[in-house]
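Please work through each task before reading its solution.

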Amino acid sequence: MNKKALAIKCCKAIFIGIVLLLLYAPILLLAVYSFVSTDHIGLWGSFTFAHYAKLFKEPEILGMIGNTLWLAVVAALLSTVLGTAGAIGMFYSKKRVKALVHGVSQIPVINAEIVTALSLAVTFVSVKLESSLFTLIIGHMVICTPFVVLSVMPKLKQMDNSLYEAALDLGASPAKALFKVVLPQIIPGVISGFMLAITLSLDDYIVTFYTRPEGFETISTYVFNATLRGNAHTAETLSSFWALTTIIFVVIVAFVVLSNLGGRRKKEAKK
Amino acid sequence: MKAPRFSRKTLCIPYAVFLLFFVIAPMLIILAYAFTDREMHFSVMNFVRFFSDPSKLSTIVYSIVIALITTVVCLLIAFPVAYILARSKMKKKFVIVMLFVLPMWINFVLRINAIRELFNWIGILGQANYFNTVFGMVYDFLPFMILPPYTTMLKIDDSLYEACSDLGGNGFTSFARITLPLSKPGILSGVTMVFLPSMTNYVVSDMLGNSKVTIIGKFIYEYFESDWHMGSMVALILLIVVFVSTLLSGGFKSEENVRGANL
(Lines give C-alpha, C1' and ligand atoms only; values in the text may rest on other atoms or scores of the structure.)
Protein backbone atom coordinates (compact mmCIF):
# COMPACT_ATOMS: atom_id res chain seq x y z
CA MET A 1 0.00 0.00 0.00
CA ASN A 2 1.39 3.40 -0.93
CA LYS A 3 1.55 6.39 1.37
CA LYS A 4 -1.39 8.25 -0.11
CA ALA A 5 -3.79 5.33 0.31
CA LEU A 6 -2.62 4.90 3.87
CA ALA A 7 -3.20 8.58 4.63
CA ILE A 8 -6.73 8.40 3.21
CA LYS A 9 -7.42 5.31 5.26
CA CYS A 10 -6.23 7.08 8.41
CA CYS A 11 -8.40 10.11 7.67
CA LYS A 12 -11.44 7.90 7.26
CA ALA A 13 -10.78 6.10 10.52
CA ILE A 14 -10.23 9.39 12.36
CA PHE A 15 -13.48 10.82 10.97
CA ILE A 16 -15.50 7.77 12.03
CA GLY A 17 -13.77 7.87 15.41
CA ILE A 18 -14.63 11.53 16.02
CA VAL A 19 -18.30 11.05 15.12
CA LEU A 20 -18.51 8.02 17.39
CA LEU A 21 -16.78 9.93 20.18
CA LEU A 22 -19.31 12.77 19.89
CA LEU A 23 -22.14 10.26 19.89
CA TYR A 24 -20.96 8.57 23.06
CA ALA A 25 -19.46 11.51 24.96
CA PRO A 26 -22.65 12.60 26.77
CA ILE A 27 -23.48 9.03 27.76
CA LEU A 28 -19.97 8.29 28.99
CA LEU A 29 -19.92 11.54 30.95
CA LEU A 30 -23.06 10.45 32.80
CA ALA A 31 -21.67 6.95 33.27
CA VAL A 32 -18.58 8.35 34.99
CA TYR A 33 -20.50 10.77 37.19
CA SER A 34 -23.05 8.13 38.16
CA PHE A 35 -20.32 6.80 40.47
CA VAL A 36 -19.29 10.17 41.90
CA SER A 37 -20.85 11.63 45.03
CA THR A 38 -22.03 14.93 43.59
CA ASP A 39 -25.26 16.34 42.24
CA HIS A 40 -23.51 18.61 39.74
CA ILE A 41 -21.41 17.41 36.88
CA GLY A 42 -18.03 19.12 37.07
CA LEU A 43 -17.82 18.98 40.85
CA TRP A 44 -15.68 16.05 41.90
CA GLY A 45 -16.42 13.77 44.86
CA SER A 46 -15.68 10.32 46.09
CA PHE A 47 -16.72 7.00 44.62
CA THR A 48 -20.30 6.08 45.49
CA PHE A 49 -23.27 3.93 44.60
CA ALA A 50 -25.67 6.49 46.09
CA HIS A 51 -27.18 7.48 42.74
CA TYR A 52 -27.99 3.85 42.02
CA ALA A 53 -29.43 3.34 45.49
CA LYS A 54 -31.75 6.30 44.94
CA LEU A 55 -33.22 4.58 41.89
CA PHE A 56 -34.34 1.66 43.99
CA LYS A 57 -35.41 3.66 47.03
CA GLU A 58 -37.71 6.28 45.48
CA PRO A 59 -41.12 4.69 44.91
CA GLU A 60 -41.90 7.39 42.34
CA ILE A 61 -38.86 6.54 40.23
CA LEU A 62 -39.36 2.79 40.59
CA GLY A 63 -42.98 3.26 39.58
CA MET A 64 -42.24 5.12 36.39
CA ILE A 65 -39.58 2.59 35.37
CA GLY A 66 -42.06 -0.23 35.99
CA ASN A 67 -44.77 1.59 34.03
CA THR A 68 -42.46 2.08 31.06
CA LEU A 69 -41.49 -1.59 31.01
CA TRP A 70 -44.91 -3.20 31.34
CA LEU A 71 -46.45 -0.74 28.91
CA ALA A 72 -43.78 -1.59 26.33
CA VAL A 73 -44.25 -5.34 26.77
CA VAL A 74 -48.07 -5.22 26.64
CA ALA A 75 -48.20 -2.80 23.71
CA ALA A 76 -45.54 -4.76 21.81
CA LEU A 77 -47.27 -8.12 22.38
CA LEU A 78 -50.66 -6.83 21.26
CA SER A 79 -49.09 -5.03 18.28
CA THR A 80 -47.21 -8.16 17.27
CA VAL A 81 -50.34 -10.35 17.31
CA LEU A 82 -52.44 -7.76 15.49
CA GLY A 83 -49.70 -6.86 13.02
CA THR A 84 -48.68 -10.44 12.22
CA ALA A 85 -52.29 -11.52 11.64
CA GLY A 86 -52.84 -8.36 9.61
CA ALA A 87 -49.76 -8.97 7.47
CA ILE A 88 -50.75 -12.60 6.76
CA GLY A 89 -54.30 -11.53 5.94
CA MET A 90 -53.08 -8.73 3.69
CA PHE A 91 -50.65 -11.02 1.92
CA TYR A 92 -53.42 -13.37 0.80
CA SER A 93 -55.97 -10.65 0.04
CA LYS A 94 -56.82 -9.27 -3.39
CA LYS A 95 -54.35 -6.77 -4.77
CA ARG A 96 -56.57 -3.76 -4.23
CA VAL A 97 -57.48 -4.64 -0.65
CA LYS A 98 -53.82 -5.27 0.06
CA ALA A 99 -52.78 -1.93 -1.42
CA LEU A 100 -55.46 -0.08 0.53
CA VAL A 101 -54.72 -1.63 3.93
CA HIS A 102 -50.98 -1.31 3.38
CA GLY A 103 -51.36 2.32 2.37
CA VAL A 104 -53.37 3.21 5.46
CA SER A 105 -50.95 1.22 7.59
CA GLN A 106 -48.13 3.49 6.37
CA ILE A 107 -49.82 6.65 7.63
CA PRO A 108 -48.60 6.39 11.26
CA VAL A 109 -45.12 5.45 10.00
CA ILE A 110 -44.55 8.57 7.92
CA ASN A 111 -46.73 10.94 9.91
CA ALA A 112 -45.30 13.35 12.45
CA GLU A 113 -45.83 11.76 15.85
CA ILE A 114 -47.49 14.86 17.20
CA VAL A 115 -50.16 14.70 14.48
CA THR A 116 -50.92 11.06 15.32
CA ALA A 117 -51.01 11.94 19.01
CA LEU A 118 -53.30 14.95 18.62
CA SER A 119 -55.67 13.12 16.27
CA LEU A 120 -56.00 10.27 18.77
CA ALA A 121 -56.52 12.58 21.73
CA VAL A 122 -59.19 14.58 19.90
CA THR A 123 -60.89 11.37 18.76
CA PHE A 124 -61.00 9.90 22.25
CA VAL A 125 -62.55 13.05 23.65
CA SER A 126 -65.05 13.24 20.76
CA VAL A 127 -66.39 9.80 21.62
CA LYS A 128 -66.35 10.66 25.34
CA LEU A 129 -63.60 8.18 26.08
CA GLU A 130 -61.61 9.42 29.05
CA SER A 131 -57.84 8.98 29.03
CA SER A 132 -57.09 5.63 30.59
CA LEU A 133 -54.67 2.75 30.26
CA PHE A 134 -56.87 1.61 27.37
CA THR A 135 -56.32 4.81 25.38
CA LEU A 136 -52.62 4.76 26.23
CA ILE A 137 -52.18 1.18 24.99
CA ILE A 138 -54.20 1.96 21.84
CA GLY A 139 -51.93 4.97 21.26
CA HIS A 140 -48.81 2.84 21.52
CA MET A 141 -50.33 0.16 19.29
CA VAL A 142 -51.02 2.76 16.60
CA ILE A 143 -47.32 3.67 16.42
CA CYS A 144 -45.98 0.10 16.87
CA THR A 145 -48.23 -2.16 14.78
CA PRO A 146 -47.35 -0.71 11.34
CA PHE A 147 -43.69 -1.47 12.05
CA VAL A 148 -44.57 -5.08 12.90
CA VAL A 149 -46.39 -5.33 9.56
CA LEU A 150 -43.33 -3.87 7.82
CA SER A 151 -41.04 -6.48 9.39
CA VAL A 152 -43.33 -9.45 8.74
CA MET A 153 -44.23 -8.61 5.11
CA PRO A 154 -40.77 -9.33 3.56
CA LYS A 155 -40.67 -12.75 5.25
CA LEU A 156 -44.09 -13.61 3.80
CA LYS A 157 -42.81 -12.70 0.34
CA GLN A 158 -39.77 -14.97 0.76
CA MET A 159 -41.90 -17.86 2.02
CA ASP A 160 -42.33 -21.05 0.01
CA ASN A 161 -46.06 -21.02 -0.67
CA SER A 162 -46.31 -24.60 -1.87
CA LEU A 163 -45.61 -25.89 1.64
CA TYR A 164 -48.93 -24.52 2.86
CA GLU A 165 -50.76 -26.19 -0.03
CA ALA A 166 -48.93 -29.42 0.69
CA ALA A 167 -50.02 -29.29 4.32
CA LEU A 168 -53.65 -28.86 3.25
CA ASP A 169 -53.36 -31.75 0.76
CA LEU A 170 -51.98 -33.93 3.53
CA GLY A 171 -55.09 -33.23 5.59
CA ALA A 172 -54.07 -30.39 7.89
CA SER A 173 -56.80 -27.87 8.70
CA PRO A 174 -56.09 -24.35 7.43
CA ALA A 175 -55.61 -23.09 10.99
CA LYS A 176 -53.18 -25.90 11.76
CA ALA A 177 -51.31 -25.32 8.53
CA LEU A 178 -51.05 -21.67 9.40
CA PHE A 179 -49.52 -22.31 12.81
CA LYS A 180 -47.35 -25.26 11.84
CA VAL A 181 -46.22 -24.21 8.36
CA VAL A 182 -46.64 -20.48 7.76
CA LEU A 183 -45.75 -19.14 11.20
CA PRO A 184 -42.41 -20.97 11.57
CA GLN A 185 -41.30 -19.53 8.23
CA ILE A 186 -42.05 -15.94 9.15
CA ILE A 187 -41.01 -16.10 12.81
CA PRO A 188 -37.75 -14.08 12.35
CA GLY A 189 -39.83 -11.21 10.98
CA VAL A 190 -42.29 -11.54 13.85
CA ILE A 191 -39.49 -11.41 16.42
CA SER A 192 -37.78 -8.40 14.86
CA GLY A 193 -41.19 -6.70 14.64
CA PHE A 194 -41.72 -7.36 18.34
CA MET A 195 -38.29 -5.96 19.22
CA LEU A 196 -38.94 -2.89 17.10
CA ALA A 197 -42.31 -2.39 18.81
CA ILE A 198 -40.63 -2.62 22.23
CA THR A 199 -38.03 0.01 21.36
CA LEU A 200 -40.64 2.33 19.84
CA SER A 201 -42.83 2.08 22.92
CA LEU A 202 -39.92 2.52 25.37
CA ASP A 203 -38.78 5.60 23.49
CA ASP A 204 -42.11 7.32 23.09
CA TYR A 205 -42.88 10.64 24.68
CA ILE A 206 -45.42 12.44 22.52
CA VAL A 207 -48.15 9.83 22.05
CA THR A 208 -47.81 8.86 25.71
CA PHE A 209 -48.28 12.45 26.79
CA TYR A 210 -51.52 12.86 24.81
CA THR A 211 -53.17 9.54 25.65
CA ARG A 212 -52.03 8.67 29.20
CA PRO A 213 -54.35 8.69 32.19
CA GLU A 214 -53.79 11.40 34.80
CA GLY A 215 -50.70 10.77 36.91
CA PHE A 216 -49.32 7.93 34.80
CA GLU A 217 -45.61 8.51 34.30
CA THR A 218 -43.14 6.75 32.03
CA ILE A 219 -39.39 7.37 31.90
CA SER A 220 -39.91 9.83 29.03
CA THR A 221 -42.63 11.94 30.65
CA TYR A 222 -41.03 11.80 34.10
CA VAL A 223 -37.55 12.83 32.97
CA PHE A 224 -38.95 15.55 30.71
CA ASN A 225 -40.95 17.08 33.56
CA ALA A 226 -38.15 16.71 36.10
CA THR A 227 -35.58 18.49 33.92
CA LEU A 228 -37.91 21.36 33.10
CA ARG A 229 -39.14 21.93 36.66
CA GLY A 230 -35.60 22.66 37.74
CA ASN A 231 -36.09 23.33 41.46
CA ALA A 232 -33.76 22.28 44.26
CA HIS A 233 -35.59 19.06 44.98
CA THR A 234 -34.93 17.75 41.50
CA ALA A 235 -31.12 18.12 41.61
CA GLU A 236 -31.07 14.81 43.42
CA THR A 237 -33.62 13.28 41.09
CA LEU A 238 -31.60 14.45 38.11
CA SER A 239 -28.47 12.75 39.36
CA SER A 240 -30.39 9.49 39.71
CA PHE A 241 -31.06 9.73 35.96
CA TRP A 242 -27.29 9.40 35.42
CA ALA A 243 -27.50 6.00 37.03
CA LEU A 244 -30.61 5.09 35.05
CA THR A 245 -28.98 6.07 31.74
CA THR A 246 -25.89 4.03 32.63
CA ILE A 247 -27.93 0.96 33.55
CA ILE A 248 -29.96 1.11 30.33
CA PHE A 249 -26.77 1.57 28.32
CA VAL A 250 -25.11 -1.44 29.93
CA VAL A 251 -28.23 -3.57 29.43
CA ILE A 252 -28.35 -2.65 25.74
CA VAL A 253 -24.66 -3.36 25.18
CA ALA A 254 -25.01 -6.70 26.97
CA PHE A 255 -28.09 -7.54 24.92
CA VAL A 256 -26.41 -6.72 21.61
CA VAL A 257 -23.25 -8.65 22.47
CA LEU A 258 -25.17 -11.69 23.69
CA SER A 259 -27.56 -11.77 20.74
CA ASN A 260 -24.64 -11.51 18.33
CA LEU A 261 -22.82 -14.32 20.09
CA GLY A 262 -25.99 -16.40 20.01
CA GLY A 263 -26.52 -15.70 16.33
CA ARG A 264 -22.95 -16.64 15.51
CA ARG A 265 -23.19 -19.92 17.42
CA LYS A 266 -26.37 -20.83 15.54
CA LYS A 267 -24.70 -20.12 12.22
CA GLU A 268 -21.71 -22.23 13.17
CA ALA A 269 -23.95 -25.07 14.29
CA LYS A 270 -25.64 -25.00 10.90
CA LYS A 271 -22.30 -25.43 9.15
CA MET B 1 -74.77 -26.90 6.81
CA LYS B 2 -71.03 -26.78 6.60
CA ALA B 3 -69.25 -24.14 8.62
CA PRO B 4 -67.76 -21.45 6.36
CA ARG B 5 -64.25 -22.40 5.37
CA PHE B 6 -61.55 -20.60 7.29
CA SER B 7 -59.83 -18.16 5.01
CA ARG B 8 -56.45 -16.59 5.61
CA LYS B 9 -57.82 -13.31 4.32
CA THR B 10 -60.06 -12.95 7.36
CA LEU B 11 -56.95 -12.49 9.51
CA CYS B 12 -56.73 -9.04 8.00
CA ILE B 13 -60.07 -7.91 9.40
CA PRO B 14 -59.01 -7.04 12.98
CA TYR B 15 -56.15 -4.92 11.70
CA ALA B 16 -58.32 -3.24 9.08
CA VAL B 17 -60.93 -2.39 11.73
CA PHE B 18 -58.16 -1.12 14.05
CA LEU B 19 -56.81 1.13 11.29
CA LEU B 20 -60.32 2.37 10.48
CA PHE B 21 -61.02 3.36 14.08
CA PHE B 22 -57.63 4.63 15.17
CA VAL B 23 -56.00 5.96 12.00
CA ILE B 24 -58.63 6.89 9.42
CA ALA B 25 -61.32 8.15 11.82
CA PRO B 26 -58.87 10.38 13.78
CA MET B 27 -57.63 11.92 10.52
CA LEU B 28 -61.21 12.71 9.48
CA ILE B 29 -61.95 14.18 12.90
CA ILE B 30 -58.86 16.41 12.60
CA LEU B 31 -60.11 17.49 9.19
CA ALA B 32 -63.54 18.29 10.63
CA TYR B 33 -62.09 20.30 13.52
CA ALA B 34 -59.71 22.19 11.25
CA PHE B 35 -62.52 23.56 9.11
CA THR B 36 -65.03 24.45 11.82
CA ASP B 37 -65.32 27.18 14.43
CA ARG B 38 -66.21 26.72 18.07
CA GLU B 39 -69.92 26.38 17.22
CA MET B 40 -68.97 23.61 14.80
CA HIS B 41 -69.99 25.67 11.75
CA PHE B 42 -67.93 25.38 8.60
CA SER B 43 -65.21 28.01 8.55
CA VAL B 44 -61.86 28.67 6.94
CA MET B 45 -61.00 31.23 9.60
CA ASN B 46 -58.52 28.88 11.33
CA PHE B 47 -56.50 28.75 8.15
CA VAL B 48 -56.67 32.50 7.63
CA ARG B 49 -55.91 33.26 11.27
CA PHE B 50 -52.91 30.99 11.35
CA PHE B 51 -51.29 32.50 8.30
CA SER B 52 -52.08 36.11 9.13
CA ASP B 53 -50.45 36.13 12.57
CA PRO B 54 -46.95 37.62 12.08
CA SER B 55 -45.55 36.09 15.29
CA LYS B 56 -46.73 32.64 14.16
CA LEU B 57 -45.27 33.16 10.73
CA SER B 58 -41.87 34.12 12.08
CA THR B 59 -41.89 31.03 14.30
CA ILE B 60 -42.73 28.88 11.30
CA VAL B 61 -39.80 30.38 9.41
CA TYR B 62 -37.48 29.81 12.39
CA SER B 63 -38.71 26.28 12.74
CA ILE B 64 -38.17 25.49 9.08
CA VAL B 65 -34.68 27.04 9.19
CA ILE B 66 -33.79 24.96 12.27
CA ALA B 67 -35.06 21.82 10.55
CA LEU B 68 -33.14 22.63 7.36
CA ILE B 69 -29.88 23.28 9.23
CA THR B 70 -30.36 20.09 11.24
CA THR B 71 -30.98 18.08 8.08
CA VAL B 72 -27.98 19.53 6.23
CA VAL B 73 -25.62 19.01 9.18
CA CYS B 74 -26.90 15.47 9.64
CA LEU B 75 -26.36 14.78 5.96
CA LEU B 76 -22.84 16.28 6.00
CA ILE B 77 -21.85 14.02 8.89
CA ALA B 78 -23.87 10.93 8.06
CA PHE B 79 -23.25 10.63 4.35
CA PRO B 80 -19.45 10.32 4.60
CA VAL B 81 -19.89 7.86 7.47
CA ALA B 82 -22.30 5.75 5.42
CA TYR B 83 -20.02 5.96 2.38
CA ILE B 84 -16.86 5.00 4.25
CA LEU B 85 -18.57 2.09 5.99
CA ALA B 86 -20.37 0.81 2.90
CA ARG B 87 -17.19 0.84 0.78
CA SER B 88 -15.00 -0.51 3.53
CA LYS B 89 -13.59 -4.01 3.04
CA MET B 90 -13.36 -4.50 6.79
CA LYS B 91 -14.61 -7.86 7.95
CA LYS B 92 -16.31 -6.69 11.11
CA LYS B 93 -17.77 -3.45 9.84
CA PHE B 94 -21.23 -4.43 11.07
CA VAL B 95 -19.86 -3.88 14.59
CA ILE B 96 -19.14 -0.23 13.74
CA VAL B 97 -22.55 0.21 12.11
CA MET B 98 -24.03 -1.27 15.27
CA LEU B 99 -22.12 1.29 17.35
CA PHE B 100 -23.85 4.07 15.43
CA VAL B 101 -27.28 2.57 16.01
CA LEU B 102 -26.82 1.54 19.63
CA PRO B 103 -27.43 4.91 21.32
CA MET B 104 -30.84 5.01 19.66
CA TRP B 105 -31.99 2.27 21.98
CA ILE B 106 -31.49 4.44 25.05
CA ASN B 107 -34.67 6.34 25.85
CA PHE B 108 -34.46 9.52 23.81
CA VAL B 109 -35.45 11.84 26.66
CA LEU B 110 -32.62 10.37 28.74
CA ARG B 111 -30.25 10.91 25.81
CA ILE B 112 -31.31 14.54 25.47
CA ASN B 113 -30.94 14.85 29.23
CA ALA B 114 -27.36 13.61 28.87
CA ILE B 115 -26.62 16.39 26.38
CA ARG B 116 -28.30 18.85 28.69
CA GLU B 117 -25.95 17.80 31.47
CA LEU B 118 -23.00 18.10 29.09
CA PHE B 119 -24.05 21.63 28.07
CA ASN B 120 -24.64 22.55 31.68
CA TRP B 121 -21.13 21.39 32.50
CA ILE B 122 -19.55 23.34 29.63
CA GLY B 123 -21.72 26.30 30.60
CA ILE B 124 -23.66 26.88 27.39
CA LEU B 125 -27.05 25.70 28.62
CA GLY B 126 -29.37 28.71 28.37
CA GLN B 127 -26.66 30.69 26.54
CA ALA B 128 -26.89 29.57 22.94
CA ASN B 129 -30.43 28.25 22.69
CA TYR B 130 -30.65 27.84 18.92
CA PHE B 131 -27.22 26.24 18.65
CA ASN B 132 -28.05 23.88 21.51
CA THR B 133 -31.35 22.88 19.92
CA VAL B 134 -29.77 22.15 16.56
CA PHE B 135 -26.92 20.23 18.22
CA GLY B 136 -29.40 18.11 20.17
CA MET B 137 -31.46 17.38 17.09
CA VAL B 138 -28.41 16.41 15.06
CA TYR B 139 -27.28 14.18 17.91
CA ASP B 140 -30.70 12.59 18.24
CA PHE B 141 -31.55 12.08 14.57
CA LEU B 142 -28.09 11.26 13.15
CA PRO B 143 -28.60 7.47 13.04
CA PHE B 144 -31.75 7.98 10.95
CA MET B 145 -29.51 9.57 8.34
CA ILE B 146 -26.74 6.96 8.47
CA LEU B 147 -28.65 3.71 8.01
CA PRO B 148 -30.80 4.39 4.92
CA PRO B 149 -27.92 5.64 2.70
CA TYR B 150 -25.70 2.87 4.10
CA THR B 151 -28.14 0.10 3.17
CA THR B 152 -28.70 1.49 -0.33
CA MET B 153 -24.94 1.86 -0.89
CA LEU B 154 -24.31 -1.72 0.27
CA LYS B 155 -26.51 -2.92 -2.58
CA ILE B 156 -24.41 -1.18 -5.23
CA ASP B 157 -22.69 -3.81 -7.34
CA ASP B 158 -18.89 -3.72 -6.99
CA SER B 159 -18.50 -4.46 -10.69
CA LEU B 160 -19.88 -0.99 -11.42
CA TYR B 161 -16.87 0.52 -9.65
CA GLU B 162 -14.52 -1.82 -11.47
CA ALA B 163 -16.10 -0.88 -14.79
CA CYS B 164 -15.74 2.78 -13.88
CA SER B 165 -12.02 2.53 -13.17
CA ASP B 166 -11.46 0.30 -16.23
CA LEU B 167 -13.03 3.02 -18.34
CA GLY B 168 -10.62 5.56 -16.88
CA GLY B 169 -12.82 7.10 -14.22
CA ASN B 170 -11.16 8.35 -11.05
CA GLY B 171 -12.44 8.28 -7.49
CA PHE B 172 -14.41 11.44 -7.99
CA THR B 173 -16.23 10.25 -11.12
CA SER B 174 -17.16 6.95 -9.51
CA PHE B 175 -18.57 8.85 -6.55
CA ALA B 176 -20.50 11.35 -8.67
CA ARG B 177 -21.70 8.90 -11.32
CA ILE B 178 -22.29 5.74 -9.28
CA THR B 179 -22.53 6.28 -5.53
CA LEU B 180 -24.54 9.49 -5.49
CA PRO B 181 -27.27 8.60 -8.01
CA LEU B 182 -27.69 5.04 -6.75
CA SER B 183 -27.93 6.02 -3.08
CA LYS B 184 -30.48 8.76 -3.77
CA PRO B 185 -33.47 6.78 -2.41
CA GLY B 186 -31.61 6.20 0.86
CA ILE B 187 -30.64 9.86 1.14
CA LEU B 188 -34.22 10.95 0.48
CA SER B 189 -35.70 8.66 3.11
CA GLY B 190 -33.04 9.80 5.58
CA VAL B 191 -33.87 13.43 4.84
CA THR B 192 -37.59 12.95 5.42
CA MET B 193 -36.91 11.05 8.63
CA VAL B 194 -34.76 13.88 9.99
CA PHE B 195 -36.54 16.93 8.60
CA LEU B 196 -40.00 16.13 9.91
CA PRO B 197 -39.10 15.42 13.56
CA SER B 198 -36.84 18.50 13.53
CA MET B 199 -39.94 20.60 12.88
CA THR B 200 -42.21 18.79 15.29
CA ASN B 201 -40.32 17.14 18.15
CA TYR B 202 -40.54 19.87 20.76
CA VAL B 203 -39.00 17.71 23.51
CA VAL B 204 -35.53 18.53 22.16
CA SER B 205 -36.18 22.26 21.74
CA ASP B 206 -37.78 22.55 25.19
CA MET B 207 -35.04 20.69 27.03
CA LEU B 208 -32.05 22.20 25.22
CA GLY B 209 -33.42 25.54 24.02
CA ASN B 210 -34.30 26.57 27.57
CA SER B 211 -37.97 26.70 26.44
CA LYS B 212 -37.02 29.78 24.39
CA VAL B 213 -37.03 28.01 21.05
CA THR B 214 -40.51 27.37 19.64
CA ILE B 215 -40.97 24.95 16.76
CA ILE B 216 -44.12 24.10 14.81
CA GLY B 217 -44.83 21.01 16.89
CA LYS B 218 -45.01 23.16 20.00
CA PHE B 219 -47.96 25.08 18.49
CA ILE B 220 -50.01 21.92 18.52
CA TYR B 221 -49.14 21.43 22.18
CA GLU B 222 -50.18 25.00 23.00
CA TYR B 223 -53.40 24.79 21.00
CA PHE B 224 -54.23 21.44 22.56
CA GLU B 225 -54.73 23.32 25.82
CA SER B 226 -56.71 26.20 24.34
CA ASP B 227 -58.13 25.79 20.85
CA TRP B 228 -58.55 22.38 19.23
CA HIS B 229 -59.77 23.86 15.97
CA MET B 230 -56.53 25.77 15.45
CA GLY B 231 -54.52 22.78 16.69
CA SER B 232 -56.22 20.56 14.15
CA MET B 233 -55.47 23.08 11.41
CA VAL B 234 -51.76 23.03 12.25
CA ALA B 235 -51.86 19.22 12.35
CA LEU B 236 -53.62 19.12 9.00
CA ILE B 237 -51.01 21.40 7.42
CA LEU B 238 -48.23 19.15 8.76
CA LEU B 239 -50.10 16.13 7.42
CA ILE B 240 -50.26 17.66 3.95
CA VAL B 241 -46.55 18.55 4.08
CA VAL B 242 -45.76 14.93 4.98
CA PHE B 243 -47.82 13.49 2.16
CA VAL B 244 -46.47 15.83 -0.46
CA SER B 245 -42.87 15.15 0.59
CA THR B 246 -43.52 11.40 0.64
CA LEU B 247 -44.99 11.51 -2.83
CA LEU B 248 -42.07 13.59 -4.08
CA SER B 249 -39.49 11.24 -2.60
CA GLY B 250 -41.19 8.25 -4.17
CA GLY B 251 -42.80 6.66 -1.14
CA PHE B 252 -41.46 4.98 1.93
CA LYS B 253 -39.48 1.80 1.42
CA SER B 254 -39.84 -0.82 4.07
CA GLU B 255 -36.32 -2.13 3.57
CA GLU B 256 -34.95 1.23 4.62
CA ASN B 257 -36.63 0.69 7.94
CA VAL B 258 -34.37 2.28 10.49
CA ARG B 259 -33.44 1.45 14.08
CA GLY B 260 -31.31 -1.41 12.89
CA ALA B 261 -33.95 -4.08 13.28
CA ASN B 262 -32.71 -5.78 10.14
CA LEU B 263 -29.01 -5.58 10.91
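A residue is buried under 20% relative accessible area, exposed over 50% and partly exposed in between (1.4 Å probe, protein chains only). The model is predicted: local features need pLDDT of at least 70, side-chain atom pairs count only at pLDDT 80 or more, and totals for chains, interfaces and linings use all residues. Residues are numbered from 1 along each chain as its sequence is written, and side-chain values use heavy atoms, with hydrogens and water left out.

**Exercise 1.** Determine whether Lys218(B) and Asp206(B) are buried or exposed, and describe their pairing.

Solution. Step 1: the two side chains form a salt bridge (Lys or Arg side-chain nitrogen within 4 Å of an Asp or Glu carboxyl oxygen) at 2.6 Å, N to O. Step 2: the pair links distant parts of the chain, 12 residues apart, with Lys218(B) in helix H11 and Asp206(B) in helix H10 of chain B. Step 3: both Lys218(B) and Asp206(B) are buried.

**Exercise 2.** Classify the salt-bridge partners Lys56(B) and Asp53(B) by accessibility.

Solution. Step 1: their side chains meet at 3.9 Å, N to O. Step 2: Lys56(B), at 15%, is buried, whereas Asp53(B), at 26%, is partly exposed.

Note on methods:
Chains are lettered from A and ligands numbered from 1 in the order in which they are written. Helices (H or I, at least four residues) and strands (E, at least two) are DSSP runs, numbered from the N terminus.
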